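Biologist: I would like to go through this model feature by feature. Please give me the general idea each time, then the case at hand.

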Number of protein chains: 4
Amino acid sequence: MDETPFGDDELHEECGVFGIFQRTDAAAVVTLGLHALQHRGQEAAGIVSYDGSQFHVERHAGLIGDTFTKQAVLERLPGTSAIGHTRYATTGGGGLRNVQPFFAELSAGGFAVAHNGNITNALTVQRELQRRGSIFSSTSDTETILHLVATSAARHFVEKLIDALSRLEGAFSLVGLSSKKMVGVRDPLGIRPLVLGDLEGSPILASETCALDIIGADFVRDIEPGELVVISEDGIESIFPFQARRPRFCIFEYVYFARPDSTVEGRNVYEIRKKIGGELARESHVEADIVVPVPDSGVPAAIGYAQEAGLPFELGIIRNHYVGRTFIQPTDSIRHMGVKLKHNANRRMIEGKRVVLVDDSIVRGTTSQKIVQMVREAGATEVHMRIASPPTRASCFYGVDTPEKAKLLASRMTIEEMADFIKVDSLSFLSIDGLYRATDEPSRNKLAPQFCDACFTGDYPTSLTDQDGTENVRPLSLLGGAG
Amino acid sequence: MDETPFGDDELHEECGVFGIFQRTDAAAVVTLGLHALQHRGQEAAGIVSYDGSQFHVERHAGLIGDTFTKQAVLERLPGTSAIGHTRYATTGGGGLRNVQPFFAELSAGGFAVAHNGNITNALTVQRELQRRGSIFSSTSDTETILHLVATSAARHFVEKLIDALSRLEGAFSLVGLSSKKMVGVRDPLGIRPLVLGDLEGSPILASETCALDIIGADFVRDIEPGELVVISEDGIESIFPFQARRPRFCIFEYVYFARPDSTVEGRNVYEIRKKIGGELARESHVEADIVVPVPDSGVPAAIGYAQEAGLPFELGIIRNHYVGRTFIQPTDSIRHMGVKLKHNANRRMIEGKRVVLVDDSIVRGTTSQKIVQMVREAGATEVHMRIASPPTRASCFYGVDTPEKAKLLASRMTIEEMADFIKVDSLSFLSIDGLYRATDEPSRNKLAPQFCDACFTGDYPTSLTDQDGTENVRPLSLLGGAG
Amino acid sequence: MDETPFGDDELHEECGVFGIFQRTDAAAVVTLGLHALQHRGQEAAGIVSYDGSQFHVERHAGLIGDTFTKQAVLERLPGTSAIGHTRYATTGGGGLRNVQPFFAELSAGGFAVAHNGNITNALTVQRELQRRGSIFSSTSDTETILHLVATSAARHFVEKLIDALSRLEGAFSLVGLSSKKMVGVRDPLGIRPLVLGDLEGSPILASETCALDIIGADFVRDIEPGELVVISEDGIESIFPFQARRPRFCIFEYVYFARPDSTVEGRNVYEIRKKIGGELARESHVEADIVVPVPDSGVPAAIGYAQEAGLPFELGIIRNHYVGRTFIQPTDSIRHMGVKLKHNANRRMIEGKRVVLVDDSIVRGTTSQKIVQMVREAGATEVHMRIASPPTRASCFYGVDTPEKAKLLASRMTIEEMADFIKVDSLSFLSIDGLYRATDEPSRNKLAPQFCDACFTGDYPTSLTDQDGTENVRPLSLLGGAG
Amino acid sequence: MDETPFGDDELHEECGVFGIFQRTDAAAVVTLGLHALQHRGQEAAGIVSYDGSQFHVERHAGLIGDTFTKQAVLERLPGTSAIGHTRYATTGGGGLRNVQPFFAELSAGGFAVAHNGNITNALTVQRELQRRGSIFSSTSDTETILHLVATSAARHFVEKLIDALSRLEGAFSLVGLSSKKMVGVRDPLGIRPLVLGDLEGSPILASETCALDIIGADFVRDIEPGELVVISEDGIESIFPFQARRPRFCIFEYVYFARPDSTVEGRNVYEIRKKIGGELARESHVEADIVVPVPDSGVPAAIGYAQEAGLPFELGIIRNHYVGRTFIQPTDSIRHMGVKLKHNANRRMIEGKRVVLVDDSIVRGTTSQKIVQMVREAGATEVHMRIASPPTRASCFYGVDTPEKAKLLASRMTIEEMADFIKVDSLSFLSIDGLYRATDEPSRNKLAPQFCDACFTGDYPTSLTDQDGTENVRPLSLLGGAG
């Protein structure tokens with residue numbers, strides 16, 4: 001309801017994956033799993049099932065609950081094994097062409113693959129494959145993986161897959177399905193999450209544990225960084241085909257992407273967010289009357305902040321969850337009204353108060369600007385913004401849709417300038433060490449950081465082959481390539 | 001994901017209304033207002049605009065943000081005056097026929113009307129009108145109002161309207177639009193809310209103040225019970241055409257229906273809910289470790305409870321807001337999994353804890369049963385359910401979609417039986433006097449209750465003509481008649 | 001593919017009706033009957049069924065074969081009695097509001113009605129009804145009939161219906177359905193057709209006999225002008241409630257509207273068209289090589305012409321029947337190409353030949369102009385246009401969508417001017433007496449014409465109340481009122 | 001309206017192609033061209049345009065006039081060169097995946113291709129390509145061509161294309177589009193048609209001349225069998241890359257597939273059909289009263305028959321052209337009615353007459369059976385069926401959707417048995433020599449037949465590699481492979 005509606009000023013995780021092996025109504029189970037992973041991608045989804053003789057593919061734009069829950073769609077997905085994918089972006093001109101899983105009938109048989117992450121040398125590999133005659137039907141890096149498997153000289157399917165994966169750089173947590181096997185892999189750094197679950201004996205692979213909870217499945221363990229699990233009638237085989245490296249899980253999953261009720265890499269997300277709020281209260285104390293979260297993502301940190309600071313936690317801002325898929329085209333007369341589609345301040349709670357506002361991050365700064373203005377118009381006497389992460393200064397090339405660096409507020413302003421820009425009485429970000437402390441690390445190990453924190457530090461843990469030599473580095477994800 | 005999915009075990013406010021007079025892009029403003037009132041009805045909406053010579057009508061099933069935000073729809077609604085309506089139910093076989101506003105070209109000119117509430121003698125009046133030759137195109141009681149205006153022997157439009165309204169029993173907060181005037185009325189008891197706002201000189205009528213906030217409009221005052229306001233180029237005229245009665249606003253609006261950031265009848269909804277939580281903590285103390293709300297409706301009362309009880313407030317249950325429009329058809333294998341589409345317990349917060357669960361009300365009890373089971377499975381050592389209202393024992397006939405009395409858990413069980421049924425260690429409801437105290441009344445005045453609390457007490461403040469002589473009293477709203 | 005695509009320069013019959021009483025799968029039978037009547041209206045259709053306790057209504061835009069043949073639609077129309085309607089225009093801003101049948105729950109019970117024709121005093125009656133409090137939900141004259149029945153002071157249903165019909169002027173062949181009866185009526189002049197059929201004992205009412213043929217039903221007889229048949233469990237009762245008048249069936253039904261395989265008022269349409277061709281050959285002989293019809297409507301007359309003239313009948317123009325529902329938006333570069341979407345001349349048959357072109361009528365003349373140009377470009381040495389009816393000089397007010405008089409080519413040009421305009425070597429129309437001769441009448445009886453031929457003669461057989469006092473007489477049908 | 005509705009008992013040409021080079025609004029021109037070729041495929045269509053820097057692809061199920069005529073679709077197809085394709089079948093589970101043109105970004109640049117015909121070794125080649133790592137996204141043989149181009153070791157684009165085409169067996173009339181060139185090719189036997197046209201200087205490739213007529217383009221010449229034309233800014237280059245063979249154009253194009261107003265391989269289709277009718281009248285004289293075509297395909301031959309036999313040509317059967325996209329699900333009560341969805345006999349023309357019925361061919365015989373029964377029920381005293389081609393005894397493997405051999409009536413019955421089966425007084429087919437005579441050949445040259453007549457003779461002019469070793473030979477087209 002503005003040239004930049006609220007929705008545009010957020011980071012978007014681009015994908016969630018889910019697979020189940022040998023279970024009645026496999027596609028229905030995958031549908032439920034993807035529904036629980038909807039926060040990782042809302043714009044399109046796909047499921048591939050295998051019925052013992054044939055593969056079936058369905059891909060649809062829209063929410064899982066509007067598409068795959070339809071009886072007719074599920075009936076087109078028979079079989080006892082299935083994998084699925086939900087993704088953020090369908091943009092890039094390709095319509096449904098970029099929606100995963102990708103499936104191909106290879107000479108070795110059918111193979112479907114879905115992935116969360118981003119291959120940082122996908123374009124380079126793609127050009128090479130095209131030169132030898134491969135035809136791409138999408139711009140997705142997932143299709144690159146499929147072509148690498150198809151053209152591998154290795155003999156057996158798993159060898160072909162390892163051969164293909166060895167060519168890749170970047171982040172990839174992927175699930176694959178052949179007529180006999182379901183596979184799961186995490187890249188050597190384990191940048192994106194992937195867990196193993198079990199539903200009454202049927203193995204499951206999923207991006208987060210909340211996708212196990214929805215169907216009452218048990219959590220078995222995290223797939224380890226660099227691990228390839230091969231699930232077949234013979235059981236689950238674990239292979240470590242890559243050179244071992246020190247893991248660097250994405251720390252932003254804890255800050256924002258993962259669902260608070262998920263437990264990833266052994267840590268509960270909600271708990272870490274509360275600890276982040278506690279660290280923040282300790283690092284940047286301020287005299288105030290109430291602590292107000294920017295809902296929903298700021299809520300756990302605000303609870304932690306309020307408990308640590310001994311201040312009342314209040315829902316001073318109400319979020320309207322009924323968000324539709326179209327936006328009013330604002331005329332001049334509408335624009336100047338300053339419409340509040342998503343958030344509204346509760347004047348009675350805020351009037352005459354000194355408010356600590358807690359949010360997870362600042363991207364472009366436009367949302368913060370509006371939220372602060374709204375809180376001031378509701379009568380706050382002071383507004384102190386507290387951000388539950390360090391300043392976001394660099395683009396992500398590992399599967400998150402970030403604006404290019406130049407558009408990130410923190411890449412072009414000091415904290416003081418940012419405070420002026422969003423018009424607060426004070427602004428504080430959590431320190432990088434504070435963030436690490438909230439994860440129970442003593443501090444960031446500068447020589448060997450325990451996480452991927454490139455969006456805060458610019459320290460990318462892999463090569464960025466496709467970006468090399470490009471003046472103005474642009475995230476690959478904008479090219480429609482991320483998963 | 002069960003024979004009774006979670007969504008079925010809730011009470012539904014059936015309608016929200018919004019109108020604006022003499023303002024550029026009137027229909028777009030109404031669209032925004034209805035978006036803010038979406039919690040009062042999610043299934044269908046309609047807008048009627050007047051462009052100085054013609055009326056334009058659009059009615060659509062679905063969320064405002066999926067339908068009326070489309071440029072093409074808004075272009076079919078030109079004009080500077082418009083009224084709109086959002087409603088819960090489109091069931092009853094009528095498709096869009098029952099979607100409001102209703103419009104008719106009367107001999108006196110065009111007239112549109114939208115209403116929130118329910119006319120308790122609508123069927124009786126309708127039969128009488130049919131006998132004299134009126135043809136009904138819907139089963140909505142709103143159309144009855146239109147026919148009463150059309151057939152009134154009175155001379156002028158406002159007189160016809162008063163004549164029509166005088167025939168009605170029940171609850172009605174309505175907005176109407178003719179070529180020259182916008183009108184707003186509340187029934188003599190003022191059962192449903194209606195407020196007057198102002199957007200830079202253009203008068204607004206809306207169900208709640210949150211619909212003013214979204215567009216930055218000012219709150220002027222509540223329309224009073226029994227008041228008819230006539231808005232025209234000459235200003236705003238206030239008429240009290242009905243015999244004066246002691247007002248009885250619906251107390252359940254405070255408990256559940258209204259948005260927490262709205263201020264209705266002079267009281268802020270969020271504040272009252274927190275006070276309700278406080279009363280509840282005082283009335284039914286229990287030793288416990290954490291207070292956990294059933295989100296979203298239980299959150300404010302849980303905050304109030306936790307603050308009063310000095311216990312930590314924790315988001316031990318996470319709600320998935322991505323709810324689609326279709327539901328998986330559960331097969332046996334799916335059904336037995338006990339799928340959790342909407343809520344998930346956060347095991348790490350709950351395991352080993354004594355939990356106070358706070359919810360707004362218990363309808364059939366099936367949801368509570370599942371929530372409690374989920375919390376137990378997550379490892380709670382004790383579960384104490386605290387309900388932020390008295391037991392719901394009687395159907396509402398004033399615009400809320402309640403199951404028939406026999407299906408209300410509290411109408412057929414004692415509190416002890418209910419505790420057994422939902423399998424909690426203890427169960428307490430707020431007392432009726434406690435609820436009144438939270439609204440700053442000293443207690444319920446038994447001789448002249450300050451609110452309509454029929455759903456708790458069975459004390460209906462109007463005659464229920466259409467129900468008379470019916471053995472098994474069934475709420476009119478189920479007949480498609482409520483608004 | 002021109003500012004006036006071919007499709008615009010035609011006359012459109014506005015409606016077909018069909019009903020069946022006490023027959024399994026009644027709605028499916030009606031669907032088939034309407035499919036056979038599709039030539040009488042292609043833009044929308046509706047069916048009302050009665051299942052012994054309830055009426056069911058479905059109305060859809062589009063071809064029968066795209067809408068009512070769907071299983072889901074038919075399942076919503078249970079019952080053993082049903083009536084249906086197919087119509088030309090859905091324009092006029094009303095969307096589906098004007099699509100018939102109309103249904104109302106009257107105090108006497110449910111009643112549905114569908115009609116073919118046009119009530120020439122509908123607006124006048126409507127205004128009167130509005131003054132006494134009736135609310136109209138459409139602009140259709142069929143709804144007027146329903147309101148007249150609803151407000152009739154008569155006691156029994158059939159009396160109410162007769163009372164209502166007595167108030168009407170114009171053309172009406174209608175079918176109605178109540179819980180106990182199916183009724184069929186033709187106006188006193190019998191302007192539009194209506195036949196009685198029988199399917200293994202179940203009575204049928206239909207606009208044309210071709211709708212009986214499609215389901216293998218027997219033709220019983222034409223409903224007579226001014227006759228009302230009441231079909232019930234007790235059999236078929238025939239009533240003549242109106243003052244008897246000399247019938248004047250629409251002669252244009254023979255020229256163009258009715259399907260060639262239908263037999264209406266005792267005459268086979270194809271045979272009459274061939275006789276018309278024969279008369280035309282006798283009246284306007286010309287030396288030529290081949291006779292070419294403008295397909296499809298000109299084909300039977302061209303066969304008759306060729307047989308009479310002893311010239312070869314050739315398909316020199318091919319029609320493309322694959323016509324979609326959207327039209328290319330012509331750019332300048334497209335426009336100047338002179339696109340031929342619907343007809344193409346077969347150069348090999350035409351080159352070097354003297355061609356007699358046979359068409360049914362000339363409306364605006366734009367189509368004829370293009371056809372002639374196309375035939376000349378294909379190499380015809382002479383083009384002689386022969387029209388199978390007299391010049392169309394006046395608008396129809398009895399259910400045909402004609403342009404206003406001023407746009408009819410024949411109302412503003414002599415035959416010589418018309419020949420110049422469409423650029424033919426010669427142009428002849430059939431004489432009015434020739435047309436009557438083709439129907440086996442000796443000639444037109446000037447004092448008491450045997451047919452309604454108002455479009456050729458301007459001699460309207462009923463009053464045109466709604467048109468009175470209007471300077472520029474405009475067909476009511478353009479107001480969305482015809483059926 | 002029967003287990004085998006009429007529409008199932010026909011042969012279907014599977015494709016039409018159209019391309020234009022360097023012309024404003026190229027996609028709109030292609031849309032019009034495809035509309036004229038709609039008889040060659042009604043179920044789906046696609047267009048690829050090139051705008052000087054990018055290729056644009058649109059593929060839609062449905063009629064051209066329902067899909068590509070939409071402004072929004074055309075706006076997504078900018079550019080001055082475009083090729084398009086319309087096809088019969090979308091079945092085979094692939095949805096839109098098999099709809100042409102196919103497009104790929106090759107290392108040499110973008111290339112789109114659309115083809116009419118069928119590659120008889122496509123599966124064999126496809127398996128080979130898969131073994132070396134090619135991934136197929138469809139089951140269409142057209143994609144095989146694209147992969148052969150992509151993997152060709154040749155250096156330049158045209159050489160790669162020739163390399164690819166040299167690997168193919170079967171029938172292929174194809175158009176291709178690269179960033180610099182439009183190409184057109186016919187297989188060495190020239191089984192399917194392809195013509196070169198010119199629209200004010202812009203070259204056109206089209207399946208038939210009727211696609212030139214619709215836009216007023218000039219016919220230049222047929223592309224010759226085995227010819228490859230390369231159209232570029234430098235003009236039109238003609239190459240004959242294959243070993244020369246004696247051409248064998250599909251004779252069934254004259255009998256049924258091509259539009260009567262098209263001139264293919266120098267012969268006008270309508271004229272040949274009339275001559276076929278004349279030959280038929282000479283070969284199988286019978287005493288009769290009228291000649292009646294089975295419309296529409298039997299009309300030209302019936303005209304020729306009637307002229308030769310000196311009998312009146314009459315439209316004794318009327319065809320309903322309003323065919324929708326869904327079919328009523330017949331219940332028992334409907335089924336036994338013998339519904340006539342598409343054809344109806346005109347009783348008045350047929351009663352008491354000896355009728356010669358003229359149809360183009362007999363496939364399964366079910367349609368003929370019903371038509372004959374209908375004509376008998378309409379009162380014909382004798383029915384003599386005359387078929388405008390020899391008995392259809394073998395499947396087509398060159399782009400026509402024929403049932404497998406065993407389902408062809410003529411492959412399992414003698415003519416006498418067939419006459420009994422369809423219940424006619426006499427049945428005659430045109431002789432193979434009579435058919436050749438109608439094309440102005442003296443007779444079929446048995447040693448070197450002038451046409452492909454495999455469907456009549458079983459004499460296939462190419463190898464059928466994919467069929468080899470298969471017991472029960474099944475047409476490839478049923479696998480979704482034909483174009």
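Modeller: Chain B and chain D do not touch, and their nearest C-alpha atoms are 14 Å apart. Contact here means that the C-beta atoms of two residues, placed from the backbone, lie within 7 Å. Chain A and chain C are likewise without a contact, with their closest C-alpha atoms 14 Å apart.

Biologist: What kind of model is this, and how are residues and chains labelled?

Modeller: It is a predicted model, in which local features need pLDDT of at least 70 and side-chain atom pairs count only at pLDDT 80 or more, while totals for chains, interfaces and linings use all residues. Residues are numbered from 1 along each chain as its sequence is written, and chains are lettered from A and ligands numbered from 1 in the order in which they are written.

Biologist: How many residues of chain A are in contact with chain B?

Modeller: The contact involves 58 residues of chain A and 58 residues of chain B. Several helices of chain A each supply at least two residues to this side, among them α2 (64–67), α9 (269–283) and α12 (347–350). Helices (H or I, at least four residues) and strands (E, at least two) are DSSP runs, numbered from the N terminus. The largest share, 5 residues, comes from α1(A). By class, this side of chain A has 26 nonpolar, 22 polar and 10 charged residues. Ala, Val, Leu, Ile, Met, Phe, Trp, Tyr, Cys and Pro count as nonpolar, Asp, Glu, Lys and Arg as charged, and the others, Gly among them, as polar.

Biologist: How do I read the relation between two copies?

Modeller: Two copies of a chain are related by a rotation about an axis and a shift along it. Chain D is superposed on chain C by a rotation of 180° with 0.0 Å of shift along the axis, at an RMSD of 0.1 Å. That is the relation of a two-fold axis. The superposition is by least squares on the C-alpha atoms of residues with pLDDT of at least 70 in both copies.

Biologist: Which residue of chain D comes closest to the rotation axis?

Modeller: D:H321 does, with its C-alpha at 3.6 Å. The same surface serves both copies, as 100% of the contact residues of chain D recur in chain C.

Biologist: And how is a pair of packed helices described?

Modeller: Two packed helices are described by the angle between their axes and the distance between the axes. In chain D, α4 (residues 122–131) and α5 (residues 141–151) pack at about 45°, with their axes 10 Å apart. Axes are lines fitted to C-alpha atoms, for helices over the stretch in contact, and angles run from 0 to 180 degrees between N-to-C directions. The angle makes α4(D) oblique to α5(D); under 35 degrees counts as roughly parallel, over 145 as roughly antiparallel, 65 to 115 as roughly perpendicular and the rest as oblique. On the α4(D) side, D:A122, D:V125, D:Q126 and D:L129 take part, meeting residues of α5(D) that include D:H147 and D:L148. The contact residues divide into 4 nonpolar, 4 polar and 1 charged.

Biologist: Is helix α10 of chain D largely enclosed or open?

Modeller: Helix α10(D) (residues 299–309) is largely enclosed by the rest of the structure, because 9 of its 11 residues are buried. Buried means 20 or more other C-beta atoms within 10 Å of the residue's own, exposed 12 or fewer, and partly exposed in between, with C-beta atoms placed from the backbone. Among the buried residues are D:V299, D:I303 and D:Y305. The buried residues pack against α9 (269–283), β18 (290–293), β21 (354–359) and β22 (382–387) of chain D. Just after α10(D), D:G310 takes a positive phi of about 70°.
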